[in-house]
Amino acid sequence: MGGDDAPRSVVAGARMAAERGVPVLLVGQPEQLSEAGGLEVVPASQVIAMGAEAASSVRKMKDSSLVRAAEAVRDGRASAMVSAGNTGAAMAASLLRMGRIRGVSRPAIATPIVVPGRAWPNVMLDSGANTECSAEWLVQFAQMGAVYCRDRWGVSEPRVGLLSIGEEAGKGSPLVKEAFERLEDAAWQTTAGAVFAGNVEGRDLLADLVDVIVTDGFTGNVALKTAEGVAQQLIGALRRAFDSSEEARRGAELLAPALAPLYDEFNPDSVGGAILLGVGGVSIISHGASSPRALANAIQVAYELAERGTVGTLRRILCSE
C-alpha cells in the first residue's frame, strides 16, 4: 500500500514477478487490490502514510500493511518482505517484528551502486538507516557488507573502503579516524573474509577500487542522492543535446545501440531496491517512485536472497565472534 503510485505500480510489479515464477503474497486493503490477478492477499486495514512518524506509527498501527508484511516473514508465511512505502516505517517494522541478528548493534541499508564495465556493483552502507553512528557500528557495517557482497555476487574477498574526505589515514572527522583504526584490525577481516582497503572519496563511488563502501547513514544518503541527481541531470542533458538539431538526431541514431545498454545499467529500475542488513529476515526497501519493473526486480532480489539463506550466513558469521 506504500509508494507514490500505490497500489497500482506495486500490484503490477508483483504480477510481473509472479509471471517469472516467483511466488508473491500481497499485503494490504483487499478492496484496493482488485487488480491482484489471482495473487493471494493478506488483509491489512491500515496504511502508514509516506510522511508519518515511523516508530510511533508501527507501534500504534498494528494492522498496517507494513506491520502485517513483517509479521508474515517472522511467522514463516513469507520468506522476504519488499516495500516501496515509508522507509523509516519499513525499517521499524522489520526490526520490531523480525528482530535483530544477535551481535548487531544497528541494522543498515546496503545500496548497490553501479560500477561501469564490472559485473557487480559497489555496496554502500549505511544509506540512511542511522544518521549518527559510532566507530564500532561502522565496523559491523563493513562485516555485513562484505558478507552480503560475497553471498550475492560471489566476490571471494571483498575490498572494504571507508568514505572520507581524503585517501590518507589521518583525514576525516573524529568518527572516521577512529573507524579507520578499528577497520585496520585483522580480526574482523578474517572473520568476514574481507580486506580493508583504506579510505575512499566521493569520486570513488562508481570506481573499481573497492567492493564495499562504509559510512554513516547521513553521509551515505547524501552521497547516494547526489550521485543519482548527477546521473539524472547528465542523462537529461544528453537527451537535449541529441535533439538539438537534425545532425545531432542522426548522430543519436548511430550511437543508440551503444548507449542503450549503458542507460539500462544506470537505470535505478534495473536494481529495484536496497536490503536492510542486520535484521532477522530479508527486508528490501524500494524507492517510493519505483516503477512496476523496479518492484518486480526488487521482488526477484528478495526471492534470491531468501533462497541463498543470506540472513543465515550473516547470523553464522556475526555470532561466531
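Modeller: Because the model is predicted, local features need pLDDT of at least 70 and side-chain atom pairs count only at pLDDT 80 or more, while totals for chains, interfaces and linings use all residues. Residues are numbered from 1 along each chain as its sequence is written, and side-chain values use heavy atoms, with hydrogens and water left out.

Biologist: Why is the contact of Arg77 with Glu40 called a salt bridge?

Modeller: The term requires a side-chain nitrogen of Lys or Arg within 4 Å of a carboxyl oxygen of Asp or Glu. The closest N and O atoms of Arg77 and Glu40 are 2.8 Å apart, so the pair meets that definition. Arg77 lies in the loop between α3 and β3 and Glu40 in strand β2 (residues 40-43), so the pair ties together parts that are 37 residues apart in sequence; helices (H or I, at least four residues) and strands (E, at least two) are DSSP runs, numbered from the N terminus.

Biologist: What makes Arg77 count as exposed, and what does Glu40 count as?

Modeller: Buried means under 20% relative accessible area, exposed over 50%, and partly exposed in between, with a 1.4 Å probe and protein chains only. Arg77 has 52% and is therefore exposed, whereas Glu40, at 43%, counts as partly exposed.

Biologist: How do you know whether Arg118 is buried or exposed?

Modeller: Its relative accessibility is 11%, so Arg118 counts as buried. Its salt-bridge partner is Asp208, with the closest N and O atoms 2.6 Å apart, and this pair links distant parts of the chain, 90 residues apart, with Asp208 in the loop between β7 (195-200) and β8 (212-214) and Arg118 in the loop between β4 (108-113) and β5 (122-125). Asp208, with a relative accessible area of 46%, is partly exposed.

Biologist: Where do Arg182 and Glu178 lie?

Modeller: Both belong to helix α6 (residues 174-183), four residues apart, about one turn of the helix, and their side chains meet in a salt bridge at 3.3 Å, N to O.

Biologist: Which classes of residue make up the lining of the second largest pocket?

Modeller: That lining has 27 nonpolar, five polar and two charged residues, where Ala, Val, Leu, Ile, Met, Phe, Trp, Tyr, Cys and Pro count as nonpolar, Asp, Glu, Lys and Arg as charged, and the others, Gly among them, as polar. The largest share of the lining, six residues, comes from α10.
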